[in-house]
Amino acid sequence: METGQKFMTQQTNNSNQISHKALSIQISLNGLSFCIINSHDNSVLKIDHDVFDKKITPFELLDTIKHSFNTKTWLDDTFNTVQVIHENELSTLVPKPLFNEEAIADYLKLNSKILKTDFITFDTISVNDSVNVYVPYVNVNNYIYERFGDFTYKHYSTILVEQILAQEKNANNNKMYIHVSETHFEIIVTKKGNLELYNTFEYQTAEDFIYYVLFTAEQLKLNPEVIETVLLGTIVKDDALYNILYKYIRHVNFGSRKEDIITTKDIKNNHSHFTLLTRF
């Protein structure tokens, strides 16, 4: 099923109450994030981020989600919309003219280890006429459906590509975006507004990080003295990743979210929570 559609049901919890709150949940095997936004004025009412001590299994992830809903009382509220963001490396972009839904598993087999029992779906990315094929955490989807009824979901990389290409729509230059999380980072390269590359890398040290950045630049023949590099995610000025990047890349700037979100003091900059604070 294309995830531009919703999981539908006849009734949602507390459906007789009117709510103006939207819930976003970002899920991965390394952590969970929750965000509640006031739909009237786009203000952030609550944001919560849990990083796990180690990478867990999809089965443990479901238990952790259930524990969150059992212990975080603010998740008992009524929400007018619920969206889930699936964050994992099990995704690949396919040009829409080449996409065949009947062969959907074949696209992932080329660069991901998948099981025969895995449920595979896709997001359509209209901004560049492509399809993002991926494996969602279907056990979590089922739990969210049982709890809330209607909800929508997308893959993490879909949001990154959509938002960045929207910002680069009228660009005449080339850019390298780096979106940093605690255990992995993504590189998105655009050339005059068009997507040239999307890839994700796991890292443990700053040296791992800069190796993959410079390797990518070399493969795409991007001059570190010239290419404009835009940072998103958890990276901040003068941390280890920023400092080593600034040592090798001349033009380094921080990006910002496209949407006009009124943030709280818990969100200290405009380039963090790039996917979690995106409405779709």
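Helices (H or I, at least four residues) and strands (E, at least two) are taken here as DSSP runs, numbered from the N terminus, and two strands count as paired if DSSP finds at least two bridges between them. The structure is a predicted model, in which local features need pLDDT of at least 70 and side-chain atom pairs count only at pLDDT 80 or more, while totals for chains, interfaces and linings use all residues. Residues are numbered from 1 along each chain as its sequence is written, and side-chain values use heavy atoms, with hydrogens and water left out.

Five strands form an open sheet in the order β3-β2-β1-β4-β8, and their pairing is mixed. The edges are held by β3 and β8 (152–155), each of which has a single partner strand, so one side of each lacks a neighbour in the sheet. From one strand to the next the twist averages 15°; axes are lines fitted to C-alpha atoms, for helices over the stretch in contact, and angles run from 0 to 180 degrees between N-to-C directions.

Within this sheet, strand β1 (residues 21–28) pairs with β2 in the antiparallel sense over eight bridges. Serine 24 has cysteine 35 in β2 as its bridge partner. Against the sheet packs helix α1 (residues 58–71), which touches β1 and β2 and whose direction makes about 40° with that of β2; contact means heavy atoms within 4.5 Å. Helix α3 (residues 138–148) also packs on the sheet, touching β1, β4 (81–86) and β8, and its direction makes about 175° with that of β4.

Cysteine 35 stands opposite isoleucine 47 in β3. The hairpin of β2 and β3 has four residues between the strands, and asparagine 42 in this hairpin takes a positive phi near 60°.

A further open sheet consists of three strands in the order β5-β7-β6, with antiparallel pairing. Here β5 (91–95) and β6 (121–125) stand at the edges with a single partner strand each, so one side of each is left without a neighbour in the sheet. Ignoring direction, neighbouring strands of this sheet are turned by 25° against each other on average. The pairing of β5 with strand β7 (residues 130–134) is antiparallel and extends over five bridges; serine 91 has tyrosine 134 in β7 as its bridge partner. Helix α4 (residues 156–167) packs on this sheet and touches β5, β6 and β7, its direction making about 5° with that of β6.
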